[in-house]
Amino acid sequence: MTPGALAARRDLLALVLDTLVPASAGFPGAGAVGLDHVLAVAAASADLESLLWRGLQVVEEAARAQGGSGFAQLSPDDRESVLRQVEQSHADFFDALVRHTYDGYYGHPTVVARLGLDPGPLQPRGHRIEAADLPDLTRVTARGPIYRQA
Amino acid sequence: MATDDPTDVLVIGAGASGAAVAWRLSGAGIGVVCLEQGDWVDPRAYPHWRADWELHRQTDWSAEPNVRRLPQDYPVNDRASSISPLMYNAVGGSTIHWSAHFPRFRPSDFRVRSLDGVADDWPIDYATLEPFFDLNDRMMGVAGITGDPAYPPKSPRQTPPIPLDTLGATIAGGFERLGWHWWPSDSAILTRDYDGRRACVNCGPCDLGCPIGAKASTDVTYWPKALAAGARLVTRARVREITLGPDGLADGAIYYDREGRVRAQKARAVVLAANGIGTPRLLLNSRSARFPDGLANRSGLVGRNLMFHPYAMVRGTFDRPLGGHRGPIGCSIISQEFYETDLSRGFVRGYSFQVARGLSPIASANGGSVGDRVPWGREHRRAYDERFDRTITVAIIGEDLPEPGNRVDLDPALADDHGIPAPAVSYTLSENSRRMLDHGIARGREALEAAGAREVAFNPLLRAGGWHLMGTARMGRDPATSVIDPEGRCHDVPNLYIVDGSAMVTSAGVNPTSTIQAVALYVADGMTRRRA
């Protein structure tokens, strides 16, 4: 595998990511907003890039074994079926794939905003918590000391 | 080899305990030099200032040195341990990434042999430490409410408690319905401006550090005062070994400076504050003809009796948003309903419940501390939305009893960037701890269901949960069964002190930093009285 080989398969990777997290209910698919992160972490680790690249080969082979010409030509249901098969046969690849997909997807500002949160930095804004009275601890204190003297 | 100007006291490690000792000694006019292998953390460097802050939890801001792999970190071989040690190497040490949950040990925690027939009593007690708890609270700044019936009366907290908010009030309701103890957590996080530091703005991830100094990491509490009092702090200074004079007393240390040069720092006394793994590692690396098995190790106990707090995590899912992204991540309420020994439960000693805040977006997807990733595929959206901002996690923090087989040793092959042998950790969860955690999981489920959870999941043992590193150079009166005496001095080398978690005789069922720091101040007080 040559450096950048995974990036050369970005179209296939995007389809795989869209199968992991499909667009739904106003949320984008992971192929649209998680792909760049997955490629970036792979570019920073030769081991990870190799793992993902080899995993994509397995995905394509599994897709062809279903009688088609490749993963891209499968229906969404069949794509999910192929990935479930690969999840069982190549657990390390799949674990890394899902983890980095979720990282990229749920770290993306578009998704964070869709969740109802401010997608910007946490500081200096912080979060507002409405002022509340101190909790009523009457029942707890009414029991008296619960520690042992020593 | 370059030699620095000698000093009265050399402190090794600038974290929770080293900072406290440096402040106390320098304030008494005693010369202090502290060697710290990490650096100052620039407040602008924290991930909170970036939109991709959460990604950093798994990389350069991970609590695991084996994941983080920064130049100032050393590797830890934890393959023989069911819990991964966590730590941070910087001015402030692990208080940089702690959640600042700040309970004290209770009186019975110092008398476990007398009360429960297990482990050993401490040679000091709660009453002895109480003024140092109070002093430390004032230095760190504690948010909370007095009157908790789980403790003897405490001095006033420095600021009001951290707000329960929706999440905290929800789980508190569960404890109320069951008639169990609960209390707003004592937290070393300011809710009002205090002592020149700002109040918390509830941004959330204290575990990635606090960029505004509201959380009490010792780089913003003790160190500015210690430096003002004359202490000298040398960063990126990695100690290789503690040296002995011809009289058999410690006379300083050899270290690598920022440029990798070997230097010697001489001192009349040495204080080890390098955490429960770093301290035994350094002692075991300081071998000599006088101490062929490691410095101050005639007992053979250096590195032994390693205690973590084993954590089990129970997570409830609710039908409504809980606002869990608001507020300090590790602090809402504590329950000590099952803290004291009741043998009818099937185990000795006990545990606390620590209720944290909710999970951020990526953590929600990956299952947080329970680790059950949200399913992928067509069901993903529904499954994720049912979980995000609708969960409460109850941590069971169990008392770990000391066992000689749980230990820190030197790895025969692994070393840090300077070639210094790295630690190897061996740790097996005891049967007593297993039964304790199982009890806690069942009771945690009860609490969550009483609070309205519709679904409960759990992790029976959190692997990435080795925040608390204790017991590896324990305190005691008998040189045959302990490493340091009741004043914190090594039995074998009486001008060598140990003040970090290594000194702990037992672990209690609460986060230890408050107690570690109180012990450190107590030891420093004795040094001051004896003028080191």
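Is Arg349(B) buried or exposed? Arg349(B) is buried, at a relative accessible area of 1%, where buried means under 20% relative accessible area, exposed over 50% and partly exposed in between (1.4 Å probe, protein chains only).

A note for all the views: this is a predicted model, in which local features need pLDDT of at least 70, side-chain atom pairs count only at pLDDT 80 or more, and totals for chains, interfaces and linings use all residues. Residues are numbered from 1 along each chain as its sequence is written, chains are lettered from A and ligands numbered from 1 in the order in which they are written, and side-chain values use heavy atoms, with hydrogens and water left out.

**View 1**
Most residues other than glycine have a negative phi, and most peptide bonds are trans. You'll find Arg349(B) in the loop between strand S11 (333-335) and strand S12 (351-355) of chain B; helices (H or I, at least four residues) and strands (E, at least two) are DSSP runs, numbered from the N terminus. Asp165(B) also has a positive phi, near 60 degrees, and sits in helix H5 (residues 165-178) of chain B. Asp165(B) is buried too, with a relative accessible area of 16%. Over in chain A, the peptide bond from Gln123(A) to Pro124(A) is cis, with omega near 10 degrees. Pro124(A) belongs to the loop between helix H7 (109-114) and helix H8 (138-142) of chain A.

**View 2. Helix H7 of chain B and its surroundings.**
Helix H7 (residues 275-285) of chain B has 11 of its 11 residues buried, so it is largely enclosed by the rest of the structure. Among those buried residues are Asn275(B), Arg281(B) and Asn285(B). What do the buried residues of H7(B) pack against? Their partners are strands S2 (7-12), S7 (238-244), S9 (262-272), S14 (407-415), S15 (421-427) and S17 (496-498) of chain B.

**View 3. Tyr74(B), a buried loop residue.**
Tyr74(B) lies in the loop between helix H2 (65-68) and strand S4 (77-81) of chain B, and is buried at a relative accessible area of 2%. Not counting residues up to four places away in sequence, Tyr74(B) touches several residues, including Asn275(B), Ile277(B), Gly278(B) and Arg281(B); contact means heavy atoms within 4.5 Å. Other partners of Tyr74(B) include Gln37(B), Met87(B), Asp416(B) and Pro423(B).

**View 4. The nonpolar cores.**
In soluble globular proteins, nonpolar side chains tend to be buried together. A nonpolar core here is a set of buried Ala, Val, Leu, Ile, Met, Phe, Trp, Tyr and Cys residues joined through side-chain atoms within 4.5 Å. The largest one has 95 residues, and Ile12(B), Trp223(B), Ile242(B) and Leu496(B) have the most contacts inside it. Helix H11 (residues 513-530) of chain B gives the largest share of this core, 9 residues. Leaving aside neighbours within four places in sequence, Ile242(B) is in contact with residues including Ile12(B), Leu272(B), Leu282(B), Leu283(B) and Leu496(B). A second, separate core of 47 residues includes Ala62(A), Val86(A), Phe94(A) and Tyr102(A).

**View 5. Where chain B meets chain A.**
Here 61 residues of chain B are in contact with 48 residues of chain A. The two chains bury about 4,800 Å² between them, 62% of it on carbon and sulfur atoms; buried area is the accessible area (1.4 Å probe) that two parts lose on being put together, summed over both. Arg373(B), Trp376(B) and Arg381(B) supply 19% of the area that chain B buries against chain A, more than any other three residues.

**View 6. Thr393(B) in its strand.**
Thr393(B) is part of strand S13 (residues 391-398) of chain B, and counts as buried at 6% relative accessibility. Beyond residues up to four places away in sequence, Thr393(B) touches Met313(B), Val314(B), Arg315(B), Gln354(B), Val355(B), Ala356(B) and Ser369(B).

**View 7. Ala5(A) and its two partners.**
Ala5(A) falls in the segment before helix H1 (10-20) of chain A and is buried, with a relative accessible area of 11%. Leaving aside neighbours within four places in sequence, Ala5(A) is in contact with Glu49(A) and Trp53(A). Ala5(A) and Trp53(A) are 48 residues apart in sequence, yet 7.3 Å apart in space, C-alpha to C-alpha.
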